Amino acid sequence: MFEHPGRTANRTARRLRAVSALVALSMAAALAACSSSPSTGAGASSHSTLIFADVAPFSGVDAALGPIYLVSCTGATNAINAAGGILGHKVACMSKDTRGEPADALPAVGSLLANTKNLELVIGCTSDEAASVVPLLNQKKTVMFCMTGQSEFDHVKYPYFYRLVPPDLAESYAMTVIAQKLGYSKIALAFGNDIGSQTFVQPALAAIAKAGLHVVANVTLDLKATTFRTEAAKIVAAHPDAIMTEALGNADPTLFAEIKQLNNGHMIPLIGTSAAISPVFYTASAKAVGAAQFAANFHADNLVTATSGPAYDAFTKALLAVKGKVSGAQTGNFTTYFTAPGAVHLYDGMNLAALAMVAAHSTDVAKWKPWIAKIGDGVPGAVVVNSYAQGLAALKAGKQIRYIGPGGPTSFDPYHDSPGIFQIDTYSPTGAVLVAGSISAAELRAVTP
Amino acid sequence: MSLLLASIGFGLITSAVLAIASVGFTLQFAVTDVLNLAFAAVMTAGAFTAYLVNQAGYSIWLGLVAALVAGAVLSVLLNYLVYTPFQRRGSAPITLVIVSLGMALIIEFGIAGIAGGVGVSYRMGQGSTVKAGGLVLTTVQLVIIAISLIVMAGVHALLRYTKLGKAMRATAANRMLARNCGIRAGRVIGITWAVTGALSGLAGTVFAIDIGTFDPTSTDIFLVLILAAVFLGGPGNAYGAMLGALVIGLSTEVSAAYIAADYKYVIAFVALLAMLAVRPSGLLGART
């Protein structure tokens with residue numbers, strides 16, 4: 001029980017030395033782990049597999065988004081691998097579920113950065129989580145193609161952030177133009193209470209006023225609520241000509257069913273955002289109110305995408321090759337993915353990144369990142385290529401290239417935004433996406449406050 | 001005025017679904033001494049069981065029967081495989097609450113893993129719309145209200161007029177004394193898990209029918225409403241749970257009609273807090 005003080009001191013010293021050794025070992029191990037971490041993009045070891053990570057909601061109210069991007073990722077990386085890979089590397093997709101919550105997204109991305117070897121590219125990063133994960137990814141020098149339309153990214157420089165979709169306020173203006181074109185004057189707004197949906201509301205209110213239309217109801221849908229009967233009653237009582245809406249998950253389909261019930265079995269025309277161009281959204285909405293009635297009453301803005309031609313053929317071939325093989329993407333009409341913004345534009349983003357690596361002869365992000373804009377926007381004398389395989393062949397032949405994929409040509413601004421031009425989409429009763437019209441830049445400017 | 005009447009109608013629907021769940025939850029809590037936060041997850045399991053039956057081409061009403069059975073079986077298994085071993089080891093009530101929370105997540109994410117995280121719907125029509133004054137209800141919603149009334153009457157009959165009901169009440173009041181009076185408390189508790197589990201499966205299915213599109217996490221917020229209804233009425237009191245469900249259902253929908261719908265749950269919980277401050281034992285609980 002009692003020991004000599006000197007012996008105790010010796011034991012303490014031994015313990016201290018042991019603890020010091022353990023700490024030193026742990027630090028060495030941590031340093032080793034850090035040095036092998038790919039998140040700084042210092043270049044992958046030869047023949048190792050490069051990772052494209054789909055950072056998006058796979059659960060929660062926006063759970064439909066992650067699988068759309070994963071279909072695109074799997075299709076794109078398969079096509080890249082079939083063409084020989086990138087500089088001798090195969091490419092693989094991985095998914096990280098953000099649950100659509102900033103608080104869940106941060107640890108998910110932290111774990112992705114800490115544990116993923118050869119992470120070359122992040123795709124996804126929707127408005128749900130972009131505000132929390134973009135600064136972190138940017139700090140870790142990870143190139144990302146994001147699906148957020150939040151205006152905070154319009155004029156803030158994140159050198160590793162790229163966006164091939166328009167800012168949300170432009171979508172709000174596009175929805176207003178659709179309402180004008182269809183002759184609607186009394187508009188109801190029904191947007192979810194998530195960050196991504198709420199960003200549409202103020203621009204929509206301003207654009208509707210500028211266009212001389214009237215907002216007769218403006219309801220916010222709590223995405224965690226299970227029914228929206230009272231909100232539906234308010235909308236029906238306001239007798240709108242059309243409803244502008246984005247409330248993903250179960251909210252919109254539930255709202256539509258309740259509106260139909262309260263409106264004597266008739267739907268009120270709906271104008272959705274490009275996020276509504278998804279097989280999951282169509283399937284749920286068609287089940288809620290009937291496919292024919294939904295298709296007859298629904299329009300959405302969407303970016304112009306190719307519907308034919310070599311870029312479209314390569315894209316659809318890549319996606320059809322993974323039909324039925326991607327978890328969570330078995331719902332609905334698969335052809336909807338051919339126009340789903342997340343599938344089209346992220347496919348282009350991945351091809352741009354892959355071709356940039358080939359052009360730079362390196363997987364070191366510092367070397368290949370500058371090539372994204374060069375290949376996307378093109379340089380004088382560049383030959384146009386419409387797929388990774390074409391681009392690879394042209395680069396091997398020593399040519400300069402300009403990649404134009406199914407999402408159309410890019411034109412990156414200093415903030416790495418490349419907003420496209422809008423079209424008006426509808427659904428057929430079978431869930432196929434149909435182009436119902438276009439929106440010119442002048443029409444968009446006319447409603448811009 | 002028409003919006004008020006319409007919102008009362010909507011409140012009645014919410015109350016009808018909530019009443020089935022709240023009565024099951026409060027009976028389970030009173031007799032078994034387990035505040036089972038996995039109750040809503042069992043509801044989800046019931047709803048998805050009905051979905052499987054419905055997808056196989058059978059009527060949703062047959063699916064509802066399957067959900068009853070699934071809820072009962074799952075609840076009995078939860079008791080025997082999870083809660084009873086913890087109770088035997090003398091775990092504190094708060095430990096069981098945490099365990100039940102863990103089971104809720106396991107069940108929910110298990111279902112999500114199998115069925116996917118996206119919303120699904122039953123193949124069924126909502127029937128014709130019935131209008132009376134400002135009330136606007138579909139035939140299916142009227143059927144849900146009828147089911148709820150039948151369940152409430154059944155629970156009343158069970159508790160008042162059957163030996164099992166009296167044994168349940170005795171076990172809830174004082175388990176040791178009930179045993180000393182010859183009541184096989186263990187058996188009563190087992191049956192209670194089955195009965196309340198069946199109510200959970202039933203509640204899950206009518207909940208899913210009512211909301212139209214549901215996913216594995218749809219009952220999360222509903223669990224909070226169940227807790228509110230149960231504690232508003234008086235925990236462990238079946239009649240209190242019925243009354244609590246009516247108050248919560250009506251207050252959420254009527255308040256949504258007149259203030260921003262975002263606040264409808266806030267209003268319900270302010271009412272609950274006010275009640276707990278004035279009368280902690282709830283509306284029908286014994287005065288302390």
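In this predicted model, B:Asp215 sits in the loop of chain B that runs between β4 (213-214) and α9 (220-233). B:Asp215 counts as buried because 26 C-beta neighbours lie inside 10 Å, where 20 or more are required for that class. In sequence, B:Asp215 and B:Ala115 are 100 residues apart, whereas in space their C-alpha atoms are 8.7 Å apart.

Elsewhere in chain B, the axes of helix α6 (residues 163-173) and of α8(B) come within 10 Å of each other and cross at roughly 105°. Because angles of 65 to 115 degrees count as roughly perpendicular, α6(B) and α8(B) are described as roughly perpendicular to each other. On the side of α6(B), the contact is made by B:Leu164, B:Ala167, B:Met168 and B:Thr171, and on the side of α8(B) by B:Ala185, B:Val188, B:Ile189, B:Ile191 and B:Thr192. Sorted by class, this contact of α6(B) with α8(B) has 7 nonpolar and 2 polar residues, and no charged ones.

Turning to the contact between the chains, 30 residues from chain B and 32 residues from chain A take part. On the side of chain B that touches chain A, the elements that give two or more residues are α1 (2-32), β3 (135-138), α8 (185-211), β4, α9 and α10 (238-258) of chain B. Of these, α1(B) gives the most, with 5 residues. The residues on this side of chain B divide into 14 nonpolar, 12 polar and 4 charged.

Methods:
Residues are numbered from 1 along each chain as its sequence is written. Chains are lettered from A and ligands numbered from 1 in the order in which they are written. This is a predicted model: local features need pLDDT of at least 70, side-chain atom pairs count only at pLDDT 80 or more; totals for chains, interfaces and linings use all residues. Helices (H or I, at least four residues) and strands (E, at least two) are DSSP runs, numbered from the N terminus. A residue is buried if 20 or more other C-beta atoms lie within 10 Å of its own, exposed if 12 or fewer, and partly exposed in between; C-beta atoms are placed from the backbone. Two residues are in contact if their C-beta atoms, placed from the backbone, lie within 7 Å. Ala, Val, Leu, Ile, Met, Phe, Trp, Tyr, Cys and Pro count as nonpolar, Asp, Glu, Lys and Arg as charged, and the others, Gly among them, as polar. Axes are lines fitted to C-alpha atoms, for helices over the stretch in contact, and angles run from 0 to 180 degrees between N-to-C directions. Angles under 35 degrees count as roughly parallel, over 145 as roughly antiparallel, 65 to 115 as roughly perpendicular and the rest as oblique.
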